[in-house]
Every structure is written in C-alpha cells, then in structure tokens.
Amino acid sequence: MTDSRKFIENLSGAGKSIGVLTSGGDAQGMNAAVRAVVRMGIYVGAKVYFVHEGYQGMVDGGDNIKEASWESVSSMLQVGGTVIGSARCKDFRTHEGRLRAALNLVQRGITNLCVIGGDGSLTGANLFREEWSGLLDELVQSGQITEEASQTHSTLHIVGMVGSIDNDFCGTDMTIGTDSALHRIIEVVDAIMTTAQSHQRTFVLEVMGRHCGYLALVSALACGADWVLIPEMPPKDGWEEQMCHKLSENRADKKRLNIIIVAEGAIDHNNKPITTDLIKDLVVRCLGFDTRVTILGHVQRGGTPSAFDRILASRMGVEAVLALLEASPGTPACVVSLCGNQAVRVPLMECVQMTQEVQKAMDEKRFAEAVKLRGRSFENNLNTYKLLSHHKIDTELPNSSFNVAVLNVGAPAAGMNAAVRSAIRVGITEGHTMFAVSDGFEGFYKGQIKEIKWGDVGGWTGQGGSLLGTKRTLPAKHIGKIAEQMSIHNINALLVIGGFEAFESLLQLVDARSSYEEFCVPMCMLPATISNNVAGTDFSIGADTSLNAIVETCDRIKQSASGTKRRVFIIETMGGYCGYLATVGGLAAGADAAYIYEEPFDIRDLQSNVEHLTEKMKTSIQRGLVLRNENCSENYTTDFIYQLYTEEGKGVFDCRKNVLGHMQQGGAPSPFDRNFGTKIAAKAMQWISKKLKEFYREGRVFANTEDSACLLGMRRRALVFQPVVQLKDETDFVHRIPKEQWWLRLRPLMKILAKYKTSYDVSDAGQLEHIVRPRAKDSSAI
C-alpha cells in the first residue's frame, strides 16, 4: 500500500513572499498568530514581511512593510493586542488606495497575504484579491511596473484568520481573542461578587458585543448571573416584571447579591436599545435594591492572551501558511478556523455572507433564525442558559419520583463545582430528587449522602477544587456497602464527575451488576482531571485552568530570565504519565523543548537540545524554557536534566529549575472550564432522564446494557456518549493514559516554532469545507 500521507518536508515556500497584517479592532492572541505565520513561513523557506498598521501600512508602503526575522517575533507570544499595529483605514476603501497597496506589494514580490482581523478586514482582502489583475494592468499602463512583473505576480493568494473578541464570525467556533476577553470579564465579575455580597447589592454589567451576544451569554453562564440581555434574543414583553420577580425571589432565597449582564448591543422586541441605566432605574424603581452599574469597556480587549488563545492562534497561524503554500490560482480566499477541536478551512466569502445574514435576520426581527445562523456552539450555550434559568419554584415542573446521586471521584479539578451545580439544577428542573455524595466512594459506603436543593449550589461556578469533597478510593473494596446505600436511598441513577479513577470506578460498578442489582441503573461519567488522561474525550474539565496556571508561571519565569540573560529554566509539570500539560503548556508558553513519556527520548536527544540552546544563546534571544512531565522518564529526572544542562551549558548559559506542583490543581476555574463543565453536566442530566424513562419497567428502573453506563466526552467536533466498556480497549491501564492522543499531533508545531527540523504530517490539514446551513436539530456540538 502506498503511503498517501503528506508531510511538511515536501512543501516548499522557496521563492514565495508572505505578507502578514493585523487589521480592525485588536484582539489578544493576534501576536501569537503573527509569530506562528512568521516562523512557519521562514521554516518552509519563504520570506515573510510584517505589514505595520494594517491596510494603512500597505497603502503607505515605505518602512511600514519590513521583512521579518526569526528573532523579531520573540517574546510576542505573551503580549496582548498587536505588536505590528492595526488601524481602521479609509484609504484602502478607495480604488486609488488599493492601487498604491498593489504597487507596494509587487515591488517587494509579495503575492501571499495572511490577514488577521474581523469580517470587515477580510471582506476588504477579498475585494483586493478580485481586483488584483485589474490593478496590475493599470500599474503596467502607467509604467509603474513592467509587464514581466505583472506576469510573475499575476495571482494574489489570501488566507484569513479571525481576530475578534466578540466571536461574531460565522464558520468558526472560536475567534482569536474571545477566550481572553472572557477571562477579563470573569476576573471582574469574581471581584465584583465579593463587594456585592458585602453590601447586598445588585450589579448591572455591560460587556462588549455590539451585534453579538456571545461574551454576555457565556460570561452569564460562567458566573451564574441572574439575568442576561443579548441582541439575538430580545426579552419577551413584560420582561421587566419577570426580571424583577426573579431578582426578588433570589434575594428571598438568602442570595445576597444579583448580577445582570448586558451586551452593549442588547435590544428589545422593537429593536430599541436596552441600556444599563434603563435596567438600573427599573430595579431601583420596582425593588428599591441598592444598584450599581459597571461598564467593562476596553479592559476586555486588554491583558495577556489566555493559554487557549495562544494555542488557537499558533495552530491557525501554521495552518494559514500551509493553506497559502497549497493554494493554486483557482483557490478561493479562505479562512482557517476551528470546528470543535479541529482546524478547518472555509471559503472566506461564505463566512462573510453568513455573518451578514445574521445581522439581516436580527434587523428583520427573525431572532430564532439569527440564533441558528450563529452556529451550533452559540445555540447550545443559549439552550444551556435557558435550561438553568428555570427556577425551582416553577410550579409546572414535572415530578419524576426518580432519585439521582452526584459525586466527585479522584483528584480535585477546577470546574467540578460548576458541573455539579449544573447537574443538580437541571436534574431538579427535570423533576428528579437530587442527592449529593460527599468524599467520593468513601463517603458513599459510609452513607454520607443527602438531598441537595436548588439554593444549595448557588455561587458554585466560580469556586475551585471540589466542594462535595473528593477521594481516590475505588468502589470495589466496599462494593457491598455501596450497594446497600444505593438501596437505602433508592438511588435510580449515578453521575460521577472525575478523572481516571472515576473511569475505573464506573467499570467496577458495571462488573458488579451481575452480583448486585442495585447497580443496574443508568450511570454517566464526566471527565474532570487536570491531566486530561481519560480515553473517549479530547478535553477534560480542569485541564484549561491548569494550563493557564502553567503558562502564567512560565511567562513570569521567562521575564526573570530576560533580565539576567543566558539562563535556561527547567520546569516540571504534573500529569502523571500523560504529557498533555507539558506539551500544550510548552506550545502556549513558547518552550524550547518538552519531555514526555509518550515520546521516548535518550541521551542523544538531551544533547541535541543542549546544543540547540547553545546556538540560541548566540542570537538576541538569550533565554531558554524546557518543560518536563513528572513521569516522562524514570532515570532522566528533573534533577538529572537540570544537572546535565548545567554541566553542558557551562560558560554559555546557567540553569534554574522549578517544580510547579499543586498550584496546577488550584485556583478559580477558567471561563472554558466553567462553561464546559456546565454544558456537559446539563447534557448528561438530560441523557440520564432519557435513560430513566427507557429503563423504567413495572415500577422500577432496571438497566443492564452496555450503553447504560457511558462517558460523555468531546470528540473532535461533537459531544458523544460512549459506553465505558468499549473505552477499555482504548486505554493503557498501567500508565493510566489513552492509547491514542490527539494532542501528540501538536508536538511538531511546538518544535517547528522553536526552530527544530522535524517531520510534520499535514495530511490532516484542513481541506476546504463549505459552511453547512443550520438544520433544525443538531445538538451534539459543544
């Protein structure tokens, strides 16, 4: 069989020139994208040029268009905004302006453009591409370029990346900057909550999003806000009374504060703006609550990019260069984007048209359609929010007479509490009686099980660790006692939230079904572990928070190193045998190497890494960062690697080591983990309800099939329920890791961006896909 895979070695950029520019409003992560384009471009042998100040710099030419070098993008990764500048450009909107821009590009031989910006910037790029041959003809006629130059540069290739904090672009699940903007919002909300609690205040927060409510919606989900107002879903008539009723109900429920989040573009059904002041006056008039307004403004655009944005931008930047190398004259301008966890390429104009259709639908008051057009991710966020906003006092709630128990198993992971809160509230909404088990299976066999109500989980989303308490104890030891407790409390279904131990526990419970009928009930597991080492899912609750902790520390360490010069840091990360944190943390922090168990290394590799760093010290970047997973090798310990580097680097660089330890497990959950935990827990509870109905026979629940014990995981593009028994074959139980791990494909990226020659399989690189029109029912997306 012939190997049909494509490798980066076979793609050459020799003789090509790529221009990279950032345009429109800035977004955190744009620099990471620029860095990736520059380094990947240079890596494949192309010349890469910075176009400073967006399209303005392209029109003005001169020093605004400069060739980039490998070192010129060093230290950019952790900087917010855009280092090469961005400007709103009137000149480029005119024919004359575009003519001057074409001349400036042809003079430098640039026929490949990578544009990082919003829909306006990308539409402009596409127009420029369509006019290109006409512009060159004009330049030939006026004698500014030769006929030969016009022939050589006859086609302009364009690849876009969407940099926009609003996440308002159709065709991609996440735009560069959105996650970082959510970090800023959540930091502010967490801070405001403490002061609001002290004074029993109501806070009205305005977040950015003129035409798109994504930031408002997701931050409301992530902080458990009482009310949210977004342009895509104007409140129904009479919303004022409803909102005030809900606020006062929450206060009566011993909640000392209220948070209302408003998107700056929020409107009512008559397309009239709903402002923060309007809401404040309403609350004061109707309820007399002490109410304050906070407008977050440009804080949301600022600050350092989150780990997610750095990885997203780095992946997109590399993908953009591949797309430019593979482009032929007939290829339409495309956007590289993310669908679920997969990089895809979509035609730029299809995305732009769809984005404009959303606005049109909203202008014409077709709001349900606007939500559908926004995409699966937006729609699922909205549905989860609606699910969680039913209040317990709603009389029309069904009463199912089923009892569902929730417990945490394994090590704590940030986001567990958000998942528990969501599960409890959705369960109550579905009519079940919810039970909380303290301290995992240890608490279970001791009978630490009690009913938990709607109000008991208030304020849980922002709390780190596990409020229920969690232990690594597996059920097998105490299986009889656990069965007894299941029977005493008449538990009809189980939701287990945890890491590898949770997976093993579920397998043991399934095995015990033959001896104990009590375990013949629907069981679902949600992966929550910082190590991200459970089969059946690409992401686990807690891993994103942990990555951010690692990246933040690495940033500080890099800063200390740039002060002292010629210093290499060896940093040990957690993860058991799973190299996820070391690899992805390394990519996000700009590490020179990351040692992991999954990719065996020997003394020759260590030596070549030392030599690589010695070469690096001769350039202007005089610092190094090396990550090591705690279990990557029995003998090449952190101390050994530190001593080796110290000895070999004598006279060239000195070394320091740092073991990050349990700080990786703590801290407030990141917006991603809060949101992911909330969404998958809600989905799991709906699955449990469905299974309870399915397996209810003659007055009792009896479930004994493989598919009644599942893990809910994120697989590439969708959330899927997978029977735990089937995931057994995909698991290496000795090292507690899945046999196949998607993120290993990111390792070559880290090496390329750190200037190592490596083999990189690009057959998985995005094929051009078309945007799928929303169908009526498709809820498997995240």
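Predicted model: local features only at pLDDT ≥ 70, side-chain atom pairs only at ≥ 80, totals over all residues.

In which strand is asparagine 408 found?

Analyst: Asparagine 408 is found in strand β12, which covers residues 403–409. With a relative accessibility of 0%, asparagine 408 counts as buried, because buried means under 20%. Its side chain has a partner there: a polar contact of 2.7 Å joins asparagine 408 to the side chain of serine 466. Serine 466 is also among the residues that asparagine 408 touches once residues up to four places away in sequence are left out.

Now for the rings. A search of the whole structure finds 19 aromatic pairs. One of them brings together tyrosine 55 and phenylalanine 92: the ring centres are 4.1 Å apart and the planes meet at 10 degrees, so this pair is stacked. Tyrosine 55 sits in helix α2 (residues 54–60), while phenylalanine 92 belongs to the loop between β3 (65–67) and α3 (95–107), so the pair ties together parts that are 37 residues apart in sequence. Tyrosine 55 is buried, at a relative accessible area of 5%, and phenylalanine 92 is buried with a value of 5%.

Another pair, tyrosine 577 with tyrosine 597, is edge-to-face, with 5.1 Å from centre to centre and 75 degrees between the planes. Tyrosine 577 is in the loop between β18 (567–573) and α19 (580–589), and tyrosine 597 is in the loop between β19 (593–595) and α20 (603–616), so the pair links distant parts of the chain, 20 residues apart. Here tyrosine 577 counts as partly exposed at 30% relative accessibility, and tyrosine 597 is partly exposed with a relative accessible area of 27%.

Rings can also form groups: Phe308, Phe539, Phe672, Phe676 and Trp742 are linked into a cluster by ring pairs. Charged residues meet rings as well. Arginine 251 lies over the face of phenylalanine 289, 4.3 Å from the ring centre. The charged end of lysine 757 sits over the ring of tyrosine 43, at 4.4 Å from its centre.

Next, the loop residues. Glutamine 200 has a positive phi of about 55 degrees although it is not a glycine. Its place is the loop between α6 (178–199) and β6 (202–207), and with a relative accessible area of 38% glutamine 200 is partly exposed. This positive phi comes just after α6. The helix α6 itself has 22 residues and reaches 32 Å from its first C-alpha to its last, close to the 32 Å expected at 1.5 Å a residue. Its buried residues include Ile185, Ile186, Val189, Ile192 and Ala196.

Lysine 365 is another residue that has a positive phi, about 65 degrees, although it is not a glycine. You will find lysine 365 in the loop between α11 (348–363) and α12 (367–374). Lysine 365 is partly exposed, with a relative accessible area of 44%.

Note on methods
Residues numbered from 1 in each chain as written. Heavy atoms only, no water. Phe/Tyr/Trp six-rings, centres within 6.5 Å; stacked < 30°, edge-to-face > 60°. Helix = DSSP H or I, 4+ residues; strand = E, 2+ residues; numbered from the N terminus. Buried < 20%, exposed > 50% of the residue type's maximum accessible area, 1.4 Å probe, protein only. Lys NZ or Arg CZ within 6 Å of the ring centre and 35° of its normal. Polar contact = N/O pair within 3.5 Å; in protein donor to acceptor, adjacent residues only side chain to side chain. Contact = heavy atoms within 4.5 Å. Expected span 1.5 Å × (residues − 1).
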